[in-house]
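Please read it with the model open.

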Amino acid sequence: MRALISAAVAVALLGIPAATMAQSRPDPMRAAASAAGTPSADDPMAALRAPAQDPEAEISANEELGGLPDARGAEDTFYQCTACHSTEIIKQQRITDARWDDLWQWMVDEQGMFEPEPETKTVILDYLKAHFSSER
Ligand code: HEC
């Protein structure tokens, strides 16, 4: 009986440091999450920040986004493009869809622009082509 009790005590004593060590082990998923750091396309807040669009409403300039037309893609475009220059250089363009594709590639290849998720790229290029095009 006595032997049993001391065995139980020994297990309890040994158990504490073992549990403490297990808890202090870094969580590999947490490291990955904080390393990501950059805003991504699946940012859950993006949907809340995006203003609801009434397709009938006239599109107005959003002064908080450098005066870009306030439509889907404005916010992504603002954050993607104003790292290097203002929105003025964008707003003055009336160029073809193909030229926007070329410019995107030039910004990536020659200026080192960060290439976002493919969905974000599509949203931004669609936005640029919808609002700063010579074709429509
Ligand atoms: C990594 C830096 C960088 C980023 C990010 C960037 N640009 Fe540029 N962009 C430049 C530089 C440098 C120039 C040429 C110098 C200038 O005129 O300021 C330029 C020029 C331009 C021009 C003028 C091109 C011409 O024919 O004169 C347009 C339009 C443009 N950028 C659009 C964009 C758009 C749209 C985005 C976002 C999708 C973007 N840029 C993101 C660096 C960048």
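1. Basis. This is a predicted model, in which local features need pLDDT of at least 70 and side-chain atom pairs count only at pLDDT 80 or more, while totals for chains, interfaces and linings use all residues. Residues are numbered from 1 along each chain as its sequence is written.

2. Overall make-up. The protein chain holds seven helices and two strands; helices (H or I, at least four residues) and strands (E, at least two) are DSSP runs, numbered from the N terminus. Their order from the N terminus is α-α-α-β-β-α-α-α-α. Of its 136 residues, 12% count as buried. A residue is buried if 20 or more other C-beta atoms lie within 10 Å of its own, exposed if 12 or fewer, and partly exposed in between, with C-beta atoms placed from the backbone.

3. Ligand shell. The ligand is surrounded by 16 residues, and the closest are Cys 81, Cys 84, Met 107, Gln 111 and Met 113. A residue is near a molecule if its C-beta atom, placed from the backbone, lies within 6 Å of it. Two or more shell residues come from each of α4 (74-81), α5 (88-91), α6 (97-109) and α7 (118-131). The most come from α6, which gives three.

4. The shell around the ligand has 11 nonpolar residues, five polar and no charged. Here Ala, Val, Leu, Ile, Met, Phe, Trp, Tyr, Cys and Pro count as nonpolar, Asp, Glu, Lys and Arg as charged, and the others, Gly among them, as polar.

5. Contact of α6 with α7. Which residues of α6 meet α7? They are Asp 97, Trp 100, Asp 101 and Trp 104, and they meet Leu 125, Leu 128 and Lys 129 in α7; two residues are in contact if their C-beta atoms, placed from the backbone, lie within 7 Å. The residues of this contact divide into four nonpolar, no polar and three charged.

6. Helix α4. Six of the eight residues of α4 are buried, so α4 is largely enclosed by the rest of the structure. Those buried are Ala 74, Glu 75, Asp 76, Thr 77, Gln 80 and Cys 81.

7. Asp 70. This residue is found in the loop between β2 (68-69) and α4. Asp 70 is partly exposed, with 19 other C-beta atoms within 10 Å. Asp 70 and Ile 59 are 11 residues apart in sequence and 5.9 Å apart in space, C-alpha to C-alpha.
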